[in-house]
Amino acid sequence: GEHQVWKLPSASGEAVQVTKAGGQAPSESPGGDTVYFWRGRGTSRIWKVAPDGGDETPVHDSLRPHYWGNWAATETGIYFFDEQAMPAPGTQSSVKSAVKFFNFATQEVTQFATLQKVGWDLAISPDSRWLLYGQFDQRGSDIMLIENFR
(Lines give C-alpha, C1' and ligand atoms only; values in the text may rest on other atoms or scores of the structure.)
Protein backbone atom coordinates (compact mmCIF):
# COMPACT_ATOMS: atom_id res chain seq x y z
CA GLY A 1 0.00 0.00 0.00
CA GLU A 2 1.05 3.53 0.71
CA HIS A 3 2.41 5.30 3.75
CA GLN A 4 -0.18 6.46 6.27
CA VAL A 5 0.01 8.19 9.64
CA TRP A 6 -1.38 6.24 12.59
CA LYS A 7 -1.52 6.99 16.30
CA LEU A 8 -1.41 4.51 19.12
CA PRO A 9 -2.04 5.17 22.84
CA SER A 10 1.17 4.72 24.85
CA ALA A 11 -0.51 2.66 27.59
CA SER A 12 -2.77 0.39 25.56
CA GLY A 13 -5.64 0.57 23.15
CA GLU A 14 -6.47 0.46 19.49
CA ALA A 15 -4.46 2.17 16.77
CA VAL A 16 -6.25 5.00 14.97
CA GLN A 17 -5.50 5.78 11.33
CA VAL A 18 -5.02 9.54 11.08
CA THR A 19 -4.45 9.97 7.33
CA LYS A 20 -6.44 8.26 4.60
CA ALA A 21 -4.86 9.53 1.37
CA GLY A 22 -1.21 8.94 2.27
CA GLY A 23 1.20 10.66 4.58
CA GLN A 24 4.46 10.30 6.45
CA ALA A 25 6.85 12.16 8.76
CA PRO A 26 4.12 13.46 11.12
CA SER A 27 4.70 16.31 13.56
CA GLU A 28 2.12 17.28 16.16
CA SER A 29 1.53 20.94 16.91
CA PRO A 30 2.65 22.16 20.36
CA GLY A 31 -1.00 22.44 21.46
CA GLY A 32 -1.79 18.96 20.15
CA ASP A 33 -4.71 20.15 18.02
CA THR A 34 -3.11 19.54 14.60
CA VAL A 35 -0.92 16.90 12.99
CA TYR A 36 1.31 18.13 10.18
CA PHE A 37 2.63 15.57 7.73
CA TRP A 38 4.40 15.25 4.40
CA ARG A 39 2.77 13.77 1.34
CA GLY A 40 5.13 13.25 -1.55
CA ARG A 41 3.10 11.47 -4.20
CA GLY A 42 3.77 13.94 -6.99
CA THR A 43 2.82 16.97 -4.89
CA SER A 44 5.54 17.03 -2.22
CA ARG A 45 3.55 19.19 0.16
CA ILE A 46 3.02 19.60 3.87
CA TRP A 47 -0.54 18.85 4.91
CA LYS A 48 -2.50 19.06 8.14
CA VAL A 49 -5.23 17.01 9.78
CA ALA A 50 -6.91 16.74 13.19
CA PRO A 51 -5.22 14.24 15.55
CA ASP A 52 -8.16 11.84 15.21
CA GLY A 53 -8.33 12.14 11.41
CA GLY A 54 -10.75 14.05 9.23
CA ASP A 55 -10.28 16.43 6.34
CA GLU A 56 -6.67 16.55 5.12
CA THR A 57 -5.71 19.94 3.72
CA PRO A 58 -2.46 21.41 2.40
CA VAL A 59 -1.04 23.95 4.83
CA HIS A 60 -0.01 26.41 2.12
CA ASP A 61 0.66 26.01 -1.59
CA SER A 62 4.25 27.28 -1.24
CA LEU A 63 5.25 24.61 1.28
CA ARG A 64 6.92 22.15 -1.05
CA PRO A 65 9.95 20.70 0.73
CA HIS A 66 12.21 18.58 -1.42
CA TYR A 67 11.86 15.47 0.75
CA TRP A 68 10.08 14.25 3.86
CA GLY A 69 12.84 15.25 6.32
CA ASN A 70 13.33 18.71 4.88
CA TRP A 71 10.89 20.61 7.09
CA ALA A 72 10.23 21.26 10.77
CA ALA A 73 7.09 22.55 12.49
CA THR A 74 7.35 24.95 15.42
CA GLU A 75 4.84 26.82 17.55
CA THR A 76 4.83 29.82 15.20
CA GLY A 77 5.29 28.21 11.79
CA ILE A 78 7.11 25.76 9.56
CA TYR A 79 10.71 26.00 8.37
CA PHE A 80 11.45 24.15 5.14
CA PHE A 81 13.97 23.67 2.36
CA ASP A 82 12.27 24.98 -0.76
CA GLU A 83 12.63 22.51 -3.61
CA GLN A 84 11.78 25.20 -6.16
CA ALA A 85 14.72 27.30 -4.98
CA MET A 86 17.18 24.44 -5.43
CA PRO A 87 19.07 24.67 -8.74
CA ALA A 88 18.66 22.00 -11.36
CA PRO A 89 21.44 19.38 -11.52
CA GLY A 90 24.35 20.53 -13.65
CA THR A 91 23.64 24.25 -13.29
CA GLN A 92 26.19 26.63 -11.85
CA SER A 93 24.74 28.42 -8.85
CA SER A 94 26.41 29.69 -5.69
CA VAL A 95 23.24 29.07 -3.69
CA LYS A 96 22.34 25.41 -3.32
CA SER A 97 19.42 25.52 -0.86
CA ALA A 98 16.97 28.07 0.45
CA VAL A 99 15.47 27.79 3.93
CA LYS A 100 12.06 29.40 4.09
CA PHE A 101 9.60 30.04 6.91
CA PHE A 102 5.83 29.84 6.74
CA ASN A 103 4.28 32.00 9.48
CA PHE A 104 1.01 30.58 10.85
CA ALA A 105 -0.22 34.01 12.01
CA THR A 106 0.38 35.96 8.79
CA GLN A 107 0.10 33.03 6.34
CA GLU A 108 3.20 34.43 4.59
CA VAL A 109 6.32 32.63 3.39
CA THR A 110 9.65 34.42 3.80
CA GLN A 111 13.17 33.35 2.97
CA PHE A 112 15.00 32.67 6.20
CA ALA A 113 18.46 31.71 4.93
CA THR A 114 20.43 30.69 1.88
CA LEU A 115 22.99 27.91 2.01
CA GLN A 116 26.02 27.52 -0.22
CA LYS A 117 25.69 23.73 -0.15
CA VAL A 118 22.70 21.44 -0.39
CA GLY A 119 20.95 21.08 2.96
CA TRP A 120 19.08 18.00 4.14
CA ASP A 121 17.08 16.79 7.17
CA LEU A 122 16.02 20.02 8.84
CA ALA A 123 15.40 20.33 12.60
CA ILE A 124 14.63 23.37 14.79
CA SER A 125 15.34 23.65 18.51
CA PRO A 126 12.26 23.94 20.79
CA ASP A 127 13.03 27.63 21.44
CA SER A 128 13.47 28.26 17.66
CA ARG A 129 16.94 29.70 18.26
CA TRP A 130 18.89 26.96 16.49
CA LEU A 131 18.56 25.33 13.11
CA LEU A 132 20.22 21.97 12.51
CA TYR A 133 20.61 20.30 9.13
CA GLY A 134 22.79 17.87 7.24
CA GLN A 135 24.96 19.23 4.47
CA PHE A 136 26.22 17.58 1.31
CA ASP A 137 29.86 18.55 0.90
CA GLN A 138 30.37 16.40 -2.14
CA ARG A 139 28.65 13.73 -4.16
CA GLY A 140 30.22 11.27 -6.47
CA SER A 141 31.14 7.74 -7.28
CA ASP A 142 33.98 5.86 -8.86
CA ILE A 143 33.84 3.01 -11.34
CA MET A 144 36.73 0.64 -10.90
CA LEU A 145 37.97 -2.32 -12.89
CA ILE A 146 39.23 -5.21 -10.81
CA GLU A 147 41.16 -7.82 -12.71
CA ASN A 148 41.42 -11.46 -11.63
CA PHE A 149 38.62 -11.05 -9.06
CA ARG A 150 37.64 -14.35 -7.41
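Me: What's the strand order in the open sheet of four strands, and is the pairing parallel or antiparallel?
Reply: The order is β7-β8-β9-β10, and the pairing is antiparallel. Strands here are DSSP runs of E with at least two residues, numbered from the N terminus, and two strands pair if DSSP finds at least two bridges between them. Before we go on: this is a predicted model, where local features need pLDDT of at least 70, side-chain atom pairs count only at pLDDT 80 or more, and totals for chains, interfaces and linings use all residues. Residues are numbered from 1 along each chain as its sequence is written, and side-chain values use heavy atoms, with hydrogens and water left out.

Me: Ok, which are the edge strands?
Reply: β7 (71–73) and β10 (109–115), each pairing on one side only. From one strand to the next the twist averages 15°, using axes that are lines fitted to C-alpha atoms, with angles that run from 0 to 180 degrees between N-to-C directions.

Me: How many bridges join β7 to β8?
Reply: Three, with the strands running antiparallel. β7 and β8 form a hairpin with three residues between them, and Trp71 has Phe80 as its bridge partner in β8.

Me: And on to β9, how many bridges does β8 have there?
Reply: Five, again in the antiparallel sense. Ile78 stands opposite Phe102 in β9. Then six bridges join β9 (residues 97–103) to β10, where Ser97 stands opposite Leu115.

Me: Why is β8 described as largely enclosed?
Reply: Because five of its five residues are buried, β8 is largely enclosed by the rest of the structure. Buried means under 20% relative accessible area, exposed over 50%, partly exposed in between (1.4 Å probe, protein chains only).

Me: Which residues sit on each side of β8?
Reply: Gly77, Tyr79 and Phe81 are on one side, Ile78 and Phe80 on the other, and both faces are covered. In general, side chains in a regular strand alternate between the two faces of the sheet.

Me: What's in the largest nonpolar core?
Reply: Nine residues: Tyr36, Trp38, Ile46, Val59, Leu63, Trp71, Ile78, Phe80 and Phe102. A nonpolar core is a set of buried Ala, Val, Leu, Ile, Met, Phe, Trp, Tyr and Cys residues joined through side-chain atoms within 4.5 Å. β4 (35–39) and β8 (77–81) each supply at least two residues of this core. There's also a second, separate core of eight residues, including Ala72, Phe81, Phe101 and Ile124.

Me: Switching topic, what do β11 and β12 form?
Reply: A hairpin with six residues between them, and Ser128 in the turn has a positive phi of about 60°. β11 (residues 119–124) and β12 (residues 131–135) pair antiparallel over four bridges, with Trp120 opposite Gly134.

Me: Where does Gly54 lie?
Reply: In the loop between β5 (45–49) and β6 (57–58). Gly54 counts as partly exposed because its relative accessibility is 48%. Leaving aside neighbours within four places in sequence, Gly54 is in contact (heavy atoms within 4.5 Å) with Val18 and Val49. Gly54 and Thr19 are 35 residues apart in sequence but 7.7 Å apart in space, C-alpha to C-alpha.

Me: Last one: which side chain makes a polar contact with the side chain of Gln4?
Reply: That of Glu2, at 3.3 Å. A polar contact is a pair of N or O atoms within 3.5 Å; within protein, one must be able to donate a hydrogen and the other to accept it, and residues adjacent in sequence count only if both atoms are side-chain atoms. The backbone oxygen of Lys20 also lies 3.2 Å from a polar atom of the Gln4 side chain.
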